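Here's a quick briefing to read alongside the model. Have the sequence handy as you go.

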Amino acid sequence: EVIWRAPLGDYHPAPILVQNDDAIIESPDACGLHLVPPDRRDPMQIDTFGVGQLIRAAGRLPVKRVIVGLGGSATVDGGIGMAAALEGVAITPRVVALADVDTVMLDAARVFGPQKGATPEQVQMLEAALAKLIELTGLPDFPGAGAAGGLAYGLRAFLDAQVVPGSSWVMRATGLPQKLPAARIVVTGDPGPGSSNDPYRQINTSVFAPPRPGRWCSSSAAW
């Protein structure tokens with residue numbers, strides 16, 4: 001476990017899972033929306049500094065890759081806080097970011113800002129800040145860059161991270177494709193059809209494609 005700075009400034013322990021040559025961390029452990037009470041959510045004041053602390057600790061381990069799970073953050077800082085925590089620190093292992101949204105960086109504030117407590121005026125300010133970050137880094141925007149409030153973009157811009165679909169990565173890591181043929185029912189934790197988030201999600205697409213005749217595939221949100 002690592003002691004890191006939580007979104008509200010207090011300090012908490014967070015786990016790092018070491019599996020084979022990978023050190024696996026979850027960004028919500030450091031900047032998750034669940035760590036901030038609804039009445040204190042303000043992405044203008046909350047950053048991803050704690051994620052940088054976790055990456056720094058994971059990078060010191062004898063591993064070849066640092067895997068960073070993205071999603072559920074209380075932040076829209078484009079990974080600036082993460083970069084600040086890593087200033088002057090060399091991360092030797094390859095960094096891989098797992099993202100399950102197609103949202104680009106420039107849409108992150110509009111799509112995710114309100115759920116993190118941003119007002120319409122703050123959304124506009126955050127959009128401008130993210131656009132400025134793209135201008136300063138020179139890294140073009142890309143699908144998935146907006147994951148975790150732009151943290152995916154920051155990971156690629158500052159750590160040259162590979163950003164990949166998280167659901168596909170987890171499926172390969174757990175051997176799920178080999179287990180699916182024997183399944184009669186498949187239940188995921190993704191929003192069901194018609195959810196407002198459905199166009200941005202990839203989990204059901206990864207699990208259920210190609211279609212498997214004779215099997216009932218359902219999102220748990222539909223239950």
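Of the protein's 223 residues, 48% count as buried, meaning under 20% relative accessible area with a 1.4 Å probe and protein chains only (over 50% is exposed, in between is partly exposed). This is a predicted model, where local features need pLDDT of at least 70, side-chain atom pairs count only at pLDDT 80 or more, and totals for chains, interfaces and linings use all residues. Residues are numbered from 1 along each chain as its sequence is written, and side-chain values use heavy atoms, with hydrogens and water left out.

**Overall picture**
- The secondary structure comes to nine helices and nine strands, taken as DSSP runs (H or I of at least four residues for helices, E of at least two for strands) and numbered from the N terminus.
- Among contacts (heavy atoms within 4.5 Å) between residues at least 6 apart in sequence, 75% join residues at least 24 apart.
- Carbon and sulfur atoms hold 55% of the accessible surface, which comes to about 11,100 Å² by the Shrake-Rupley method with a 1.4 Å probe; for residues, only the protein chains shown count as cover.

**T75**
- You'll find T75 in the loop between β5 (65-69) and α3 (80-85).
- T75 counts as buried because its relative accessibility is 0%.
- Leaving out residues up to four places away in sequence, T75 touches C31, I46, D47, T48, K116, A148 and G149.

**Helix α7**
- In α7 (residues 166-174), the buried residues are G166, S167, W169 and M171.
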